[in-house]
Amino acid sequence: RAADTGSTVFVLIGTSLPTFLTGLLLLVFVVVKWRILPYPSGNYTPIFENPLEWLNTMILPWITLAFAYAALYTRFVRNAVIETLSEDFIRTARAKGLNERDILRKHTLRAALAPIVTLAGLDFAGLLGGAIITEGIFNLPGLGRLSIRAVLNDYDLPTILATTILAASFVVIANLLVDILYAYIDPRVRVAS
């Protein structure tokens, strides 16, 4: 189908472009060439000072980070759904006479969701790494730039330790949430009392 071909092309482009190239392409085309958005001022404006300027500053970094992850998740969801559609319980649901929409929503997507939740937990740490590059491209002050500056310029050991512990805490919390969501998604994972 056309939708499947379109998603495959999106996945191919999204996974092959690194975040720094996506960010630079967005700046060149959206801001400079097509002038859809005004040129970012380079200074971060807090949301409570000027919400429109804050949105103007943050929209391109959001799109940059979301583009690669959206392509990756599209690929994994597609593969998981195709794999799940060949399972025995899907054939049983079809034999019972359930319509395809209910089979897809209640059975297929729920079974295919477990690997996606795992991927989301693992990608949370990668998001911090992608944010470092994106902060550099769009000149945003953030945790990534702080940690890079602490390592390369100042060798500020307390800052390095603090950002490392904070990033590790995010990973631990994400993995805990993944484990809790597993019990909700798949009742077989729940611990018997």
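This is a predicted model: local features need pLDDT of at least 70, side-chain atom pairs count only at pLDDT 80 or more; totals for chains, interfaces and linings use all residues.
Residues are numbered from 1 along each chain as its sequence is written, and side-chain values use heavy atoms, with hydrogens and water left out.

**Confidence**
- The average pLDDT (the predictor's confidence in each residue, from 0 to 100) is 86 for the chain, and 94% of the residues score at least 70.
- Helices here are DSSP runs (H or I, at least four residues), numbered from the N terminus.

**H1 against H3**
- The axes of H1 (residues 2-16) and H3 (residues 51-85) come within 8 Å and cross at roughly 135°; axes are lines fitted to C-alpha atoms over the stretch in contact, with angles from 0 to 180 degrees between N-to-C directions.
- That angle makes H1 oblique to H3 (under 35 degrees is roughly parallel, over 145 roughly antiparallel, 65 to 115 roughly perpendicular, and the rest oblique).
- On the H1 side, the residues in contact (heavy atoms within 4.5 Å) include Asp4, Phe10 and Val11, and they meet H3 residues including Phe67, Leu72 and Arg78.
- By class, the H1 contact with H3 has eight nonpolar, five polar and three charged residues (Ala, Val, Leu, Ile, Met, Phe, Trp, Tyr, Cys and Pro are nonpolar, Asp, Glu, Lys and Arg charged, and the others, Gly among them, polar).

**H2 against H3**
- H2 and H3 have axes that come within 9 Å and cross at roughly 135°.
- H2 is therefore oblique to H3.
- Their crossing is right-handed.
- Leu26, Leu27 and Val30 are among the H2 residues making the contact, with Leu60, Ile63, Thr64 and Phe67 coming from H3.
- No charged residues turn up in the contact of H2 with H3, which has seven nonpolar and four polar ones.

**H6 against H7**
- H6 (residues 143-154) and H7 (residues 157-185) pack at about 140°, with axes 9 Å apart.
- This crossing is left-handed.
- Contact residues include Leu146 and Ala150 of H6 and Ile160 and Leu166 of H7.

Terms used
Helices (H or I, at least four residues) and strands (E, at least two) are DSSP runs, numbered from the N terminus. A crossing is left-handed if the near helix is turned anticlockwise from the far one by less than a right angle, and right-handed if clockwise.
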